[in-house]
Structures are given as structure tokens and as C-alpha cells.
Amino acid sequence: QVQLVESGGGLVQPGGSLRLSCAASGITFSIYDMGWYRQAPGNQRELVAQISSGGTTNYVESVKGRFTISRDNAKNTVYLQMNSLQPEDTAAYYCNAYYRSRLSTAYDYWGQGTQVTVSS
């Protein structure tokens, strides 16, 4: 079955860094667009960063210049390098894998989430 397993979350002081990882299994990883989403208590889940199967990246405005998404197709893993973390980055971070076939069938998978807390 499909599994997306996130790791790397934790407690960090403002200005610090964390690197999230998401290891995928059960899918042909290289054809999937991968994304990182986050959800803070009381807020809707929002897209933070995404990387297409071809390597094109996209970021929400609030993290541009601070976060970097990357992927290693040989390891079936997507990463989110987070620098200059701020308290407003505190949230549960979720990995997403998305693929739409030529017949328009959508394949959409989520990880269980990893908590990032930015606090002094």
C-alpha cells in the first residue's frame, strides 16, 4: 500500500532551521508531484511548497527565500529545508503526493504529519 512517512519535525527557536523528509513507498515516486502543506490549530491546511515531477518548484509567499523544497527520486524522498523559522511557521506539516493520469484519474496521498514548533 501507499505510505508517506514524514520526519524531521520538532521544537526550534526563532531563527533556527529544520529539515523535513518524506519517504514514499508504494508509488512510482518520480511521476508524482510532491508537496508540503501545513495546518496550524484553527486554520485551514495551506500549501507551503510543491515540486513537480519535472522539478519545477512553487512556494507560498510567506516562505519564499526561507524554505527550499527538493526531491531525490533515487531515494523516493522529498525534503523541505526550513531556515529562519518564525513562530508563525508553527504547524503540523504534511507531505502530499499527487498524480493525474492521462485518463484524468487523480491519485492523491497524504502522510500522517509532523509537528514543527517555533518558540523561544
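The side chain of T77 reaches the backbone oxygen of K75 at 2.8 Å. This is a polar contact, meaning a pair of N or O atoms within 3.5 Å; within protein, one must be able to donate a hydrogen and the other to accept it, and residues adjacent in sequence count only if both atoms are side-chain atoms. The model is predicted: local features need pLDDT of at least 70 and side-chain atom pairs count only at pLDDT 80 or more, while totals for chains, interfaces and linings use all residues. Residues are numbered from 1 along each chain as its sequence is written, and side-chain values use heavy atoms, with hydrogens and water left out.

T77 lies in strand β8, residues 77-82. Strands (E, at least two residues) are DSSP runs, numbered from the N terminus. With a relative accessible area of 8%, T77 is buried, a term for values under 20% (1.4 Å probe, protein chains only). Leaving aside residues up to four places away in sequence, T77 touches S21, C22, A23, F29, S70, R71 and D72, where contact means heavy atoms within 4.5 Å.

Other strands form pairs, which requires that DSSP finds at least two bridges between them. Strand β4 (residues 33-39) pairs with strand β5 (residues 46-51) in the antiparallel sense over five bridges. Six residues lie between the strands of this hairpin, and G42 takes a positive phi near 80°.

β5 also pairs with strand β6 (residues 57-59), in the antiparallel sense over three bridges. In this hairpin, five residues separate the strands, and G55 has a positive phi near 100°. A49 in β5 stands opposite W36, and the bridge partner of A49 in β6 is Y59.

Methods:
Helices (H or I, at least four residues) and strands (E, at least two) are DSSP runs, numbered from the N terminus. Buried means under 20% relative accessible area, exposed over 50%, partly exposed in between (1.4 Å probe, protein chains only).
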